[in-house]
Amino acid sequence: MSWVSVTVDVSEADSEWVQTLLTEAGAAGLEVRDASTPPMPGVRRPSAGEAIVIGYFEQAADADDALGTVRDEVPGARAVVEGVVEQDWSVAWRERIKSVTVGRLWVGPPWEKATAPADKVCLFIEPKMAFGTGDHPTTSLCLAAVDSYLASHPGCSVLDVGTGTGVLAFAAKKLGSGRTVGTDNDPVAIELAKECAEENGLSGVELSTKTLDEVEGTFDFVLANILANTLIALAPLIAPKVKHRLVMAGVLVPQADEVRRAYVAQGLVSAGDVVEGEWIRLDLVHPGA
Ligand SMILES: C[S@@+](CC[C@H](N)C(=O)[O-])C[C@H]1O[C@@H](n2cnc3c(N)ncnc32)[C@H](O)[C@@H]1O
């Protein structure tokens, strides 16, 4: 069976209204991408201040009616109807996942186990409902930082905020970190991260949905690959956890100054940036370290 989608680009303020209209028009499923949605490889993101709402319909006629309703009721919304070819999503998803090599690390899906390079430290990440397969630029920017920091600071303590699949925490552990903690506010991500830890034969990485004020201690190396607005909001909680170095990603180049300022205001000092395409990694250090 094939589906027909109605894709609506709309202001964030009108996003819920559009979701209601599509549901009332008979959408069998809804997808919403907004500032709180982690960026996914190969998936179009909304413009600043907007959301993308997609309704999936079984009947083309229902999709056309929904399009008309949205256009009538929400002036300014940009809505289009598209046919969606039914496909085996598990296979389609697999085709999009690419293994990456970053320094000493190789990160790839479990079905590439047989061909994984023998001379690399390999991590196998099953792509399910959590972000962090390695092939997104924000993740690989952080993996490069993990590789170089662990090379010069073996045994260091590591905190990975927004751990997703756990990929950064696991990379650190595989490269010889000491106490390693991964937190995420999404319980599903933490469940998957625990499965991933098992898959990779890793024990001892502390994975939980604890908030940062519930996590004890400070850490030599803190990683946070989250979106810019979340990083800014979390600055008063993340900065006090940094004993030596903080590495942040999930930030678009134009957002960098604002994010950096939030951490400099907490007493950290900029230690340089790394840019990959539209993404930027921000490194900061504790001045007393
Ligand atoms: C872009 S993914 C990064 C995943 C992985 N660390 C990586 O580098 O690929 C961001 C993760 O941060 C989590 N997150 C978002 N807001 C958060 C918050 N306030 N506290 C903790 N985790 C959060 C999301 O659930 C998501 O798993």
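Val 8 has Ala 79, in strand β4, as its bridge partner. This is a predicted model, in which local features need pLDDT of at least 70, side-chain atom pairs count only at pLDDT 80 or more, and totals for chains, interfaces and linings use all residues. Residues are numbered from 1 along each chain as its sequence is written. Helices (H or I, at least four residues) and strands (E, at least two) are DSSP runs, numbered from the N terminus. Strand β1 covers residues 3–11 and runs antiparallel to β4, to which seven bridges join it; two strands pair if DSSP finds at least two bridges between them.

These two strands belong to an open sheet of four strands, with the order β2-β3-β1-β4 and antiparallel pairing. The edges are taken by β2 (29–33) and β4 (78–84); each has a single partner strand, so one side of each is left without a neighbour in the sheet. On average, neighbouring strands of this sheet are turned by 20° against each other, direction ignored. Strands of a sheet pair through backbone hydrogen bonds, in either a parallel or an antiparallel manner.

Helix α2, formed by residues 60–73, lies across β1, β3 (50–57) and β4, and runs at about 10° to β1. Such angles run from 0 to 180 degrees between N-to-C directions, and axes are lines fitted to C-alpha atoms, for helices over the stretch in contact. Two residues are in contact if their C-beta atoms, placed from the backbone, lie within 7 Å.

Helix α1 (residues 12–24) also meets α2: their axes come within 9 Å and cross at roughly 150°. That angle makes α1 roughly antiparallel to α2 (under 35 degrees counts as roughly parallel, over 145 as roughly antiparallel, 65 to 115 as roughly perpendicular and the rest as oblique). The crossing of α1 past α2 is right-handed, a term used if the near helix is turned clockwise from the far one by less than a right angle; anticlockwise is left-handed.

Which residues in α1 and α2 meet? From α1 come Val 18, Leu 21 and Leu 22, and from α2 come Ala 66, Thr 69, Val 70 and Glu 73. By class, this contact of α1 with α2 has five nonpolar residues, one polar and one charged. Ala, Val, Leu, Ile, Met, Phe, Trp, Tyr, Cys and Pro count as nonpolar, Asp, Glu, Lys and Arg as charged, and the others, Gly among them, as polar.

## The three-stranded sheet

A further open sheet has three strands in the order β5-β6-β7, with mixed pairing. Its edge strands are β5 (100–102) and β7 (121–124), each with a single partner strand, so one side of each lacks a neighbour in the sheet. Neighbouring strands here are turned by 20° against each other on average, direction ignored.

Strand β6 (residues 105–108) runs antiparallel to β5, and three bridges join them. Thr 101 stands opposite Trp 106 in β6. Helix α4 lies across β5 and β6 and runs at about 35° to β5. Helix α5 packs on the sheet as well, touching β6 and β7, and its direction makes about 150° with that of β7.

## Helices α4 and α5

The axes of α4 (residues 137–152) and α5 (residues 167–174) come within 10 Å and cross at roughly 20°. This makes α4 roughly parallel to α5, and α4 passes α5 in a right-handed crossing. The contact is made by Thr 139, Cys 142, Leu 143, Val 146 and Leu 150 of α4, together with Val 167, Leu 168, Ala 171 and Ala 172 of α5. Of the residues in the contact of α4 with α5, eight are nonpolar, one is polar and none is charged.

Is α5 mostly covered or uncovered? Helix α5 is mostly covered, with seven of its eight residues buried. A residue is buried if 20 or more other C-beta atoms lie within 10 Å of its own, exposed if 12 or fewer, and partly exposed in between, with C-beta atoms placed from the backbone. The buried residues of α5 include Phe 170 and Lys 173. After α5 comes Gly 176, whose phi is positive, near 105°.

Strand β12 (residues 242–252) has eight of its 11 residues buried, so it is largely enclosed by the rest of the structure. Six bridges pair β12 with strand β11 (residues 219–225) in the parallel sense, and Val 222 stands opposite Leu 246 in β12.

Arg 261 lies in helix α8 (residues 256–264). Arg 261 counts as partly exposed because it has 13 C-beta neighbours inside 10 Å. From C-alpha to C-alpha, Arg 261 and Val 70 are 40 Å apart in space, and they are 191 residues apart in sequence.
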